[in-house]
Amino acid sequence: MASAKPARPRAISAKENGTKIEEGLSVFKSDKFDADAFVQSKCSLSEKDVRQLCSYLLDLKKASAEEMRKSVYANYSAFIRTSKEISDLEGELSSIRNLLSTQATLIHGLAEGVHIDSLSARGSEDSTANGLLALEDREPSDLEKWSAEFPDLLDVLLAERRVDEALASLDEGERVAAEAKETNSLNPTALMSLQTAIIEHRQKLADQLAEAACQPSTRGGELRAAISALKKLGDGPRAHSLLLNAHYQRYQYNMQSLRPSSTSYGGAYTAALSQLVFSAIAQAASDSLTIFGKEPAYTSELVMWATKQTEAFALLVKRHALASSAAAGGLRAAAECVQIALGHCSLLEARGLALCPVLLKLFRPSVEQALDANLKRIEESTAALAAADDWVLTFPPPGSRQSGRVSTPSIGNTTFQHKLTSSAHRFNLMVQDFFEDVGPLLSMQLGGQTLEGLFQVFNSYVNMLIKALPGSMEEEANFDNSGNKIVRMAETEAQQIALLANASLLADELLPRAAMKLSPPSQANYKDDHRRRPADRQNRHPEQREWKRRLVSSVDRLKDTLCRQHALDLIFTEDGDSHLTAEMYINMDGNVDEIDWFPSSIFQELYAKLNRMSSLAADMFVGRERFATLLLMRLTETVILWLSEDQSFWDDIEEGPRPLGTLGLQQFYLDMKFVICFASQGRYLSRNLHRVVNEIISRAVSAFAATGMDPYSVLPDDDWFNDICQDAIERLSGKPKGDRDLNSPTASVSAQSISSVRSHGSS
């Protein structure tokens, strides 16, 4: 038997699959299709193309199978309904046939009587008298005696409920009536009486069996015997319906002892109810198969009845067990109830009834409600702690769960512990508890929805971290569901980097590690080997890999906001004036008496800020130095990209009233070389940063060349710039260095370069 699965509307994806299938098969439908040429074209493919073709054909096969499955499901209900109607029509036709047989017998008897009367009327009075005397004097035959006693025998058998004997007697009566009709061994009146008695007692027996089947006290063998006897009487559809109704009435009677209350345990109620309902369905399926076999009409009715009982069971569980759990966010309790019900329901598959999809469809909304409520509780609890978070990184409290293990304050046990602020610790702890409950959700195909919900909660937490950055108030309108939440500000650079430490650690390690529980095979590997990075194991699962990519993207949004704000603090004053203008380079040629070659103040401040943040990040991103490097890289790129895209700066350089002079070009070149130098030494010089700096230098050189002067004749060689940059780095970082004399390479180059610039300018 196949379970009756509800028809589902075609989704957009199904239409797209259908379109793709049509496109893929169009080449084979063409009248000009050449099989040999097609095969030859595919044989010339490379190994990679062959693999792609195999993958494409497998996708076509899967899409075709899915389309066929959906078509079967879409028309299965109509098939069952039609089968039921055909079965009902067969029963009605059987009744009509019996009625017609009775009417034919009556008509035949009347016709025989009329014929006898006409013969008697045409005979002589003597023959009539003699015939009548003969009839009166003749002894009735044994058959006539038996037919006269037959109704009384049936009455006795029915009264004593001797069903088998009554069935045998009815069969014998039909056989005798058929023989008597052929051999005329019974007069018409006796034959008609016999046939009428058979029909009447057959109906009485059927009613008696039906009444017995409806009695709650009729169970087991008695019920099967009554239904089997009713089927033998030719009323199979009625017998099958009575069988199913008897099992329904029995478990409804047993359910009266189940009294769910608001204080009772939902799992216990679900288990007891599951035992009653699915045991009744299993027994009904067994009895139906034993009595009626695998006839489609009866199996279809059984499937429809079982589906109906399963739906009624699901509604009771939702009302008395799932509703309260789902509303309160009790995901564990809701999942346990679902698992109990599915466990009992799955036992029916051995009898050919796959009803689990029916349960999953009905339970899914309640479990989704519990899932959403649980995620909402995580979000609200974390938000409440973020309002008072001091944004100081600490180890988890003693005895708390950390990444699926219980942390203790013992020395040497901090290998798997990570420093987070209080709100992030709370977020991580609730997520760990949350994933302890989602294992059963895999059977409901809610793994993807669970990951999506958790991403939304994490994204909301990142929005709060962004809101904690000073100067982010004007960006609140861009954050979903975060405008009405109060967050404590992260005033210092250490606090602001702690925000990044929270988000990056959660996205890179803690959340992906917890999400591994949605993949049972990898979960076993994880328990066996703690030394491997969970993120590496998680990468084997495409869905989770994409999910982690989205988490990291959300962290990048926080990082970009932090870098943008720090860049703006460097470039602009509190009054809105800019520290990075074209005038600071153009005006240098107006005052050339004393020049102390050193990077501009804004780039000195940039280097100092990067140094501070590098020191803080080294303490906060232990074991994750790459993230600290990416942070410094992004901050440097943000400042340089701002300079590259500042159109007013370049308008003054390229088209301003005063051109860029020799000293201005040298200072600008020195600033750019300084950025390259400290970024290279700090190991956060990216290819993009190097490219943008070179483009900026080229643009400045082109602007200088537009004045008619040769820029390369006034620019010292790179060694001069490198020496000054190195000297600046040592002085700004506070590193000890020896006194530089005029004979040093740097001093020599500086003097020669300045002399060259001046002489070149006076010529």
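This is a predicted model: local features need pLDDT of at least 70, side-chain atom pairs count only at pLDDT 80 or more; totals for chains, interfaces and linings use all residues.
1. **Overall make-up.** The chain has 763 residues, and buried residues make up 42% of them. Its secondary structure comes to 28 helices and two strands. Take the contacts between residues at least 6 apart in sequence: 77% of these join residues at least 24 apart. The accessible surface is about 40200 Å². Carbon and sulfur atoms account for 53% of that surface.

2. **The largest nonpolar core.** This core holds 149 residues. Which members touch the most others? They are Phe 363, Phe 458, Phe 603 and Phe 678. Helix H16, residues 493-515, gives the most to this core, with 13 residues. A second, separate core has 32 residues, among them Ala 229, Leu 230, Leu 233 and Tyr 298. As background, nonpolar side chains tend to be buried together in soluble globular proteins.

3. **Cysteines.** How many disulfides does the structure hold? The count is zero. Is Cys 725 buried or exposed? Cys 725 is buried, because its relative accessible area is 0% and the cut-off is under 20%. Cys 54 reads otherwise: its relative accessible area is 41%, so Cys 54 counts as partly exposed.

4. **Aromatic pairs.** The structure holds 19 aromatic pairs. One of them joins Tyr 607 and Phe 678. Their ring centres are 5.4 Å apart. Their planes meet at 45°, so the pair is tilted; stacked would need under 30 degrees, and edge-to-face over 60. This pair links distant parts of the chain, 71 residues apart. Tyr 607 lies in helix H21 (residues 601-620), and Phe 678 in helix H24 (residues 662-681). Tyr 607 is buried at 6% relative accessibility. Phe 678 is buried too, at 2%. Phe 678 is also among the residues that touch the most other members of the largest core.

5. **A ring cluster.** Which residues do ring pairs link into a cluster? The members are Tyr 585, Phe 649, Trp 650 and Phe 668.

6. **Charges over rings.** Two contacts of this kind are worth checking. Arg 550 places its charged end over the ring of Phe 455, 4.0 Å from the ring centre. Lys 559 lies over the face of Phe 627, and the distance to the ring centre is 5.4 Å.

7. **Positive phi values.** Most residues other than glycine have a negative phi. Trp 391 has a positive phi, near 55°. Trp 391 sits in the loop between H13 and strand E1 (401-402). Its relative accessible area is 2%, so Trp 391 is buried. Arg 683 also has a positive phi, about 65°, and is not a glycine. Where does Arg 683 lie? Its place is the loop between H24 and helix H25 (687-705). Arg 683 is exposed, because its relative accessibility is 71% and the cut-off is over 50%.

8. **Pro 357.** This proline lies in helix H13 (residues 356-386). Its relative accessibility is 31%, so Pro 357 counts as partly exposed. Pro 357 and Ser 346 are 11 residues apart in sequence. Their C-alpha atoms are 10.0 Å apart in space.

9. **Ser 460.** Helix H15 (residues 447-467) carries Ser 460. Is Ser 460 buried or exposed? At 5% relative accessibility, Ser 460 is buried. Ser 460 and Ser 554 are 94 residues apart in sequence. From C-alpha to C-alpha, the two serines are 9.6 Å apart.

Note on methods:
Residues are numbered from 1 along each chain as its sequence is written. Side-chain values use heavy atoms; hydrogens and water are left out. A nonpolar core is a set of buried Ala, Val, Leu, Ile, Met, Phe, Trp, Tyr and Cys residues joined through side-chain atoms within 4.5 Å. Buried means under 20% relative accessible area, exposed over 50%, partly exposed in between (1.4 Å probe, protein chains only). Helices (H or I, at least four residues) and strands (E, at least two) are DSSP runs, numbered from the N terminus. A disulfide is a pair of cysteine sulfur atoms within 2.5 Å. Rings of Phe, Tyr and Trp (its six-membered ring) pair if their centres lie within 6.5 Å; planes under 30 degrees apart count as stacked, over 60 as edge-to-face and the rest as tilted. A charge sits over a ring if NZ of Lys or CZ of Arg is within 6 Å of the ring centre and within 35 degrees of the ring normal. Contact means heavy atoms within 4.5 Å. Accessible areas come from the Shrake-Rupley method with a 1.4 Å probe; for residues, only the protein chains shown count as cover.
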